[in-house]
Each structure stands twice: as C-alpha cells, then as structure tokens.
Amino acid sequence: MMKILIGSLLVSGAALASPSPDLYVRGAFNGWGIDNLLVFKGNGVYESQIVISPGYHAFKLGSKDWSAEWVIDPAASVSVAPGVNYKMDTHPGAEDFLFVKQTGTYRFTVDVSSAPVLRVVRLADVPVAASDPHAGHQPAVSLSFPTYDGKQETARFSVKDAGALLRDYAQSTTMQLRDPGPQFVRYRESADLPTVRSGNLAFDALFALAGAEMKQDSVSEIKDGNYNGGAAIPCDCFETGEKWHYVWTRDLSYAAHLGLAMLDPVRVMHSLDFKLSGFRSGLGAGMQIIQDTGSGGSWPVSTDRVTWAFGAEEALKTLPELERKAFAARALKALANTIEADRLAAYDPADGLYTGEQSFLDWRDQSYAAWITSDIASLATSKALSTNAGHYKALTLAAMLAREQGQPALAKKYDAWAQDLKRAINERLWLQDEGMYSSLTAGHFDGAPMHKFDWLGQSLAIVTGIASPEHARSILAHYPHGPMGAPVIYPQQQGVPVYHNRAIWPFVTEYGLKAAAQTGNVSVADAAYQSLMRGAALNLSNMENLEWLSGQPLLLDEKNPSLIGPVINSRRQLWSVGAYLGMVIQNVFGVTVGADGIDVKPFITSRLRRETFSTSDSITLNKLRVRGKAITVTIKLPKSSPAEGFYLVDAVTVNGAKASQHIPWNALQANSVVEIRLGTLAPGLQEIRRINADPYQESRAVFGPREPHISNFRRDTAGIVRFDIEGDGVAYNVYRDGKIVAANLPAGAWSDRSATACYAVEAVYPDTGNRSHHSVPVCAGSAIEVPVTPRLGWGKPADTFAVGDIDVPEAGVYQVQIKYQNRANQINLGISGGVKWLALKDADGRVIARHVIQLPHTRVPQAWSTPMAVQLGPGKVQLELTDFYNMSYLQSNSTFSAAGGADGASNRFDIYGIRLLKVK
C-alpha cells in the first residue's frame with residue numbers, strides 16, 4: 001500500500017521518479033541518513049517516531065537516493081511548530097527546521113490521502129529508571145570543569161577492579177549530552193591495545209575510552225545511502241563515526257596520521273586502499289586517490305584528496321614488511337597519478353600554489369563569503385593553506401617512495417616541486433602584520449591573501465616543516481584561544497550557525513598540540529591537553545565538534561534558533577578518536593615511529609604534572625605493539641613545580657641499557673621496556689593569545705564584519721573608475737588586482753584611474769582588526785562577449801565545442817570564460833562538476849594557450865566558468881572545448897546514486913556564451 005500511494009505521487013509528477021518510493025525523515029538529528037522510514041499506518045497515513053535531542057534541526061523527507069525530496073516550501077525554510085499541519089511540496093527545496101528544547105520522542109506523520117500534509121508532535125516522556133553505573137565499583141574519582149556561565153560540570157570515573165590486567169570502567173557526566181541516551185557509558189580495555197597506568201584513574205579511563213571507540217569504529221562493512229543502493233560494502237575498514245558509516249578520504253587520513261596507523265596499520269591500509277580507484281572502461285587509465293563528493297561536484301573544486309598522503313605515510317612506517325612493500329608500490333602509483341592530474345587541473349604557475357577549497361572546511365556557507373554559493377567557480381580558484389600543505393605532503397611522500405623504488409628522476413622532480421611549493425606558500429600566504437599565514441586567497445579577479453585564519457592550516461604548516469622555526473613561534477603566539485581551546489577558524493562569521501564556524505574540532509586541536517610540542521610552546525600545549533580531556537570526559541565520547549566559547553556539544557539559542565549548533569555532531573568521530581590516542585601516545589609519552597626505529601620525546605608540562613599526574617612518581621604505557629614488538633614505556637616524573645614549563649629528558653634506558661631518544665629497531669626485543677627519566681624544567685615558550693566573550697553575543701573580538709559590496713561601478717569619460725562602497729558602517733580597504741591600494745575608508749564613493757584593473761573591498765573592525773571576506777570583485781576592463789546558440793547537455797567524452805572568428809581588437813592579457821549552467825546536482829553534493837580542456841587558437845589553428853577549466857554545479861540560472869589567462873595580440877582567435885575528466889570517471893563511483901554514478905559518467909552542462917575579459 002505504501003508503494004502504491006507514494007508511488008502514485010511519484011508517477012504523477014509530484015516528485016522525481018525513484019527506483020524506491022520509500023520516504024525517510026532525514027535530518028541533522030540522524031546524520032541525514034535512512035534510519036527513520038515513514039511506515040504505512042493505513043488510510044494514506046505514514047509515520048516515523050524519532051528520539052531527538054535538543055537543537056534546531058534541519059530536515060527533509062527524502063528517498064534513499066534523494067531522487068524524491070519533499071519540503072514545505074521549496075523557496076524558503078519553514079520552522080515547524082509541533083501540532084500544526086503543513087502542506088508538503090514534492091520537489092527539492094530549502095530545508096525545514098524543528099526546534100527541540102529537551103530530548104524527547106517526536107512523531108512525524110505524513111498524510112498523502114490528498115495533497116501531502118506533514119504534522120509533527122512531541123509524545124509524552126516515558127519515565128526512565130535511574131541506575132548508578134558506579135555501583136559495585138571501587139570508589140569513583142571526579143573531574144570538574146568550569147563552564148562559560150560560572151558553573152561547573154563534573155565527570156566521574158570508576159573501575160570494577162583497579163588491579164585487573166584489563167580494567168572495566170564506568171564514566172558518567174552531569175552535562176546534558178548531545179544525543180539521547182543514558183548519562184553514563186561503560187567500556188573495557190582491550191588485550192590488543194596498549195593501556196595506561198598513571199595513578200590518575202580518569203586519565204587511564206579516557207585513554208581506554210578512546211581505545212574502545214577505536215574498536216567500535218573498526219568494522220567489516222561500510223555503507224552510505226549514496227553508494228551501492230545503500231547496501232553494505234564489505235571492507236575491513238574504519239568507519240567515520242557513530243552517525244557516519246562510510247570511509248571518507250580526509251577523515252580517515254588525518255585520523256590515521258594522528259594515531260590510528262600506529263595501532264592498526266593493516267586496517268588503515270585497507271581503508272586507504274578503499275579510497276583508491278581506477279577509471280571506468282574507456283575513460284582513462286591509472287589509479288587515482290578519490291576526492292569525495294563536495295562543493296560544486298567534487299574535484300577539482302576540492303583538491304584535498306592529497307591528504308591521503310598523511311595517512312599513507314604513517315601506515316608505511318608500521319606495516320609488516322610484506323604488506324608494506326606491496327602498499328608502497330600502490331601508494332606511489334596513486335600519488336604520482338594524482339599529483340600529475342592536479343598539476344594540470346589545480347596548479348597555478350603564476351604564483352606556484354594549488355587551487356581548491358580549504359581542507360575539511362568544505363561547507364562553503366560556514367567559512368567563505370556569503371556570495372560564494374552563487375559563484376562556486378570563484379571558490380574553485382581560491383588557494384587554501386591547509387590544502388596546499390596536503391599537496392606538499394603528497395609531493396614529499398611521493399619523492400621518498402620514488403627514491404626507495406629506484407626512480408631517482410621522478411624523486412628529483414617531486415622534490416623540486418615540493419620545494420617550489422613550500423617557497424610559494426611562504427611568499428604568498430604569510431601575513432607579516434598578523435604573524436600567521438592567511439588561510440586562503442580570494443578567487444580569480446582578486447587573488448589577495450585574506451585576513452582569515454584556520455588552526456588546521458597553521459598547524460600543518462608547522463608539523464610538515466613548511467613554516468620556519470620563527471614563523472612557527474609566531475603562529476603559536478598569535479592564533480587565538482578561548483577558555484575551552486582554539487577555534488578551527490578565526491574570526492568567526494556572523495549569522496552562521498555553529499559547525500566549522502564558532503567550533504572546536506578535537507582532531508584540529510591535536511594538530512595544534514603537535515605543533516606546540518614541536519615548537520616548545522607550553523601555554524598552547526596546556527590549552528590543547530585541557531581541551532581534549534575536557535571534551536572526552538564530559539561528553540562520554542570523542543565528539544566530532546564543540547561550540548568554541550562554551551565547550552558545549554550543542555549551544556541552544558532560543559532567541560536565534562537558526563544559529564544553534566553544532567548543527568551536526570557525532571560520537572566516536574574517527575579523527576577525534578585518533579587525536580586522543582595520539583595525544584597520549586605521541587605527546588604525553590612522546591613515542592613516534594620512523595623508518596629505522598622509534599623516537600621518545602615526551603612533552604610533559606609542569607601543569608600536566610601538577611594537575612593530572614600529581615599523585616604518582618611515574619606513568620606507564622603498557623604493551624604498545626609496533627612492528628611485531630611489544631613496547632612498555634615508563635616515564636619517571638620529577639617533583640611538581642609551581643613554575644611553568646616542560647620537562648627535559650634526563651636519561652633513557654632500553655631493557656636496562658642506556659640509550660638515546662632515538663631507539664633503532666634492532667635495539668628492541670619482542671618485549672621491551674623503555675624507561676625515560678625527566679629532569680630539568682625548561683621554561684619553553686609561554687606566549688598565547690587569549691580571547692573570551694559571551695557565546696550568545698556577536699562580539700567584535702570574536703567575529704569579523706560581514707563582507708561589503710561594490711555598487712554603481714562605472715568608468716567616466718575621463719577614464720576614472722568610480723564606485724560606491726556599501727557595508728554596515730565599519731572601515732573599508734580597497735584592493736586593486738589583489739593589492740591593497742586604500743585603507744580605513746568610510747563607506748561611500750571611491751575613484752581610481754585604471755583602464756583594466758579588478759577591484760574588491762573588505763570591511764574592518766578598527767578596534768579589533770578583524771576583517772571580513774572580500775566583496776565580489778568587479779573589473780573595469782573591456783569584455784568581448786560572444787553569445788552562442790545554447791548547447792544543452794553538452795559534454796560527453798567525445799563532444800567538441802568550437803567557436804571561430806572571435807575578433808580581438810587590441811593586445812593585452814585576457815581572462816577567457818564560458819557562460820554555462822550545471823544542474824547535475826546541488827552545489828554541495830555530487831561528483832559531476834564540469835571539467836574540460838579549454839584551448840585558444842590563432843587564425844591558423846595554432847594553440848596559443850590551453851588549460852583545464854571548471855564549470856561547477858550552479859545554483860544561479862547562468863554562471864561563468866573558472867577563467868584561463870592568455871596574452872593576445874589583435875586579430876582573430878578560435879576557442880575549443882574538449883574533454884578532461886572528473887570524479888565520475890572513476891570506477892569507484894559506478895554505484896553512486898545521482899548524476900555520474902550508475903547511469904554513467906557525467907561531465908555535462910549547458911553552454912550559453914563566451915567572454916574574453918581584458919585584465920591588463
């Protein structure tokens with residue numbers, strides 16, 4: 001009956017045709033998954049009951065493959081009030097929202113007996129019997145943490161038998177959890193993972209919690225509603241978290257790099273292999289790293305698939321020899337093919353940087369200008385610090401593997417490319433006045449490095465060696481920290497809910513800790529230790545993210561429900577789990593693995609000694625298994641000190657014999673005991689930038705201004721460019737061709753003498769120095785626009801598009817673009833962004849310039865592609881478009897549910913015109 005009723009609506013054109021007419025309630029409360037099917041109850045009524053935690057939750061009704069999508073109003077989001085009927089529209093559109101103040105069960109009812117009607121009601125709460133998770137355990141210990149509003153939250157820990165070889169723990173919290181469930185968790189240490197005995201039961205327990213969550217994330221099959229028809233895919237892999245049952249390239253790779261590769265390199269290898277793919281038959285050759293679905297249709301709008309190298313590098317250090325040899329060969333092939341493709345599609349020889357959105361900050365509404373969603377091509381041509389650090393890692397790892405595998409010429413090439421990239425990052429992205437790197441440049445027609453900062457990018461620059469020691473010290477001293485830790489971006493964006501914006505992400509915090517330990521910054525390290533332990537203790541899990549200033553897994557804001565967040569959050573998030581394990585093993589105990597042995601460089605601060613290890617003279621990491629060896633590491637602690645600093649290593653022994661901090665493999669037996677004695681307290685670096693504000697207020701200390709815009713742009717008869725600057729009343733800076741030419745201007749009229757320049761404006765808070773994103777750039781140069789007869793659905797692999805006899809009246813540098821529309825998928829989904837070769841030829845057919853351009857998914861009716869810069873003289877030219885490839889050409893995407901998947905590769909779009917814009 002369900003298939004008949006809903007299916008009739010689909011067939012009648014009320015929604016898109018679907019291979020399955022089943023509809024699900026899909027939203028932020030269930031990871032947008034398919035756990036909550038609308039079940040037929042009779043008389044055209046379907047229901048689903050869902051336990052929902054507090055929040056302002058976006059949701060839609062959708063089929064398994066999103067071919068059917070129902071909302072209340074396609075043009076605008078609607079806040080749903082419980083008990084009210086809402087007529088549904090059976091077309092894709094804006095998300096609807098449900099505000100939930102307290103965890104409860106909600107019934108979603110859809111009546112399709114006539115026009116579909118949605119009704120949501122809260123059901124009466126069922127009393128839950130209280131239980132004490134610590135009953136029968138040895139006395140519990142507590143950790144208390146101050147809250148942003150002057151109160152305290154407490155986590156309690158107990159153990160069934162403190163003397164057991166493998167302990168059973170209970171952990172409870174007073175803080176309201178993000179997701180429904182008891183206020184406690186139980187877990188047990190595992191025989192194949194290391195254990196910690198520190199004299200601090202809470203510290204030991206939190207390490208065991210991370211190990212237990214690593215085990216939960218270790219699966220034999222994975223699934224995603226967009227692949228394989230939603231059916232499970234066999235894979236001895238790591239899944240991404242409680243709400244994310246798939247393997248994504250960047251999540252996996254960072255998690256492996258931070259800690260998982262040391263503990264389970266074979267499973268990491270299987271997971272990394274899952275993110276490699278060859279091409280579909282007839283569409284290419286060679287293995288590539290997969291860029292997951294993302295902005296504008298995935299790669300090369302997003303190019304951080306190269307972060308795969310971080311995970312691969314760590315796995316190669318710890319894999320058994322036979323597995324390592326085979327994986328190293330695969331890794332070099334995949335890296336080389338990916339590097340060469342990125343060199344064509346994403347490398348800009350003009351400044352030596354790679355294009356592509358910020359790594360992991362891939363929800364463009366969260367960390368880009370508001371106008372970028374209507375111009376994804378400008379996002380595609382921006383250059384991000386974090387993503388370029390990933391390209392640097394890919395190049396250095398590929399060079400190392402090429403040398404190892406007897407390919408010196410390839411190694412030399414990639415080494416040179418890596419050094420050129422390192423130099424370009426430092427020349428183009430370092431902002432001397434801020435003492436940090438810019439997180440990203442503006443896109444084409446602007447290109448300026450913006451005064452926007454992110455903790456992952458800064459930290460990766462340090463840990464990869466891109467940053468000099470001087471730059472590393474400056475970054476750690478200048479990046480802001482709130483009372484609960486460092487935010488992932490700064491400054492924050494007004495009017496945007498918590499997710500990447502206004503958030504702490506534990507895996508990014510761990511990268512900051514690595515950078516601080518490497519540089520000797522005690523204050524930043526202490527902030528990271530506290531942030532990571534607090535988050536795991538109070539949330540009973542290693543969460544995906546937390547609100548920055550409050551440390552809450554969900555900050556309710558009844559006055560501004562659209563700002564509530566984090567809007568999505570998951571327990572046992574894989575990279576958060578890897579981060580916590582890495583914090584303990586690699587930072588506290590200081591154990592890292594190299595090709596020829598291990599290094600022991602613990603970074604134990606005096607605060608960590610005073611507050612966390614106050615009751616013990618030593619701490620021990622038991623049975624760390626690496627390359628078939630079981631290593632127990634004991635650190636002998638000095639007496640506590642009220643002074644701030646970190647303790648230097650005084651002596652190291654291996655099985656009683658004196659050793660250095662680098663221990664070769666042949667010095668380690670099958671079972672070895674490494675003892676480290678700490679001695680002198682070094683002051684280290686103490687600089688840290690502290691910022692605090694009410695999390696409910698848009699303080700200028702925390703937020704940047706909204707981006708301004710340019711209006712009334714014109715050039716008068718005297719050749720003077722004139723325009724008006726419009727914004728919210730703060731000061732403004734004007735950029736011309738990516739260079740600042742006027743500062744601290746008021747809003748209003750501005751003029752400049754230029755025939756071809758492109759202009760952009762940023763807003764500034766003079767009291768804090770925080771800056772906005774840049775405005776949409778506007779160019780003064782003349783443009784040659786060539787309308788064409790619309791070519792709809794153009795772009796099959798064999799298709800060629802050519803326009804001849806384009807008249808160029810005067811010499812200059814031109815930016816060549818295609819006017820197009822790409823509605824293959826939404827701007828935040830899919831693998832079907834347009835990617836083509838663009839060639840410009842002279843009248844005799846000789847190629848003047850040839851470059852890969854992008855035509856990403858569009859939200860607006862017509863948009864301009866990414867541009868190709870070319871020097872032209874006066875005369876006639878010809879333009880030609882031919883095929884390149886996108887992620888839909890890869891075999892791994894042959895079961896993808898939308899465009900570019902099961903129906904074949906999709907690299908198609910509509911063409912409406914051509915523009916040659918003179919810029920010099």
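**Figure 1. Two disulfides are found in a search of the whole structure.** A disulfide here is a pair of cysteine sulfur atoms within 2.5 Å. When the bonded cysteines of the protein are numbered in sequence order, the pairing reads 1-2, 3-4. The structure is a predicted model, in which local features need pLDDT of at least 70, side-chain atom pairs count only at pLDDT 80 or more, and totals for chains, interfaces and linings use all residues. Residues are numbered from 1 along each chain as its sequence is written, and side-chain values use heavy atoms, with hydrogens and water left out.

**Figure 2. Cys235 is joined to Cys237 by a disulfide.** The S to S distance is 1.6 Å. Both Cys235 and Cys237 are buried (buried means under 20% relative accessible area, exposed over 50%, partly exposed in between, with a 1.4 Å probe and protein chains only).

**Figure 3. A disulfide connects Cys758 and Cys779, with S to S 2.0 Å.** This link is right-handed, with 105 degrees about the S-S bond. The pair links distant parts of the chain, 21 residues apart: Cys758 lies in strand S43 (residues 758–764) and Cys779 in strand S44 (residues 778–779). Strands are DSSP runs (E, at least two residues), numbered from the N terminus. Cys758 is buried at a relative accessible area of 3%, and Cys779 is buried at 18%.

**Figure 4. Three strands form an open sheet in the order S29-S30-S35, with antiparallel pairing.** Strands S29 (591–594) and S35 (662–664) stand at the edges with a single partner strand each, so one side of each is left without a neighbour in the sheet. Two strands pair if DSSP finds at least two bridges between them; S29 and S30 (residues 597–600) pair over four bridges. Thr592 stands opposite Asp599 in S30.
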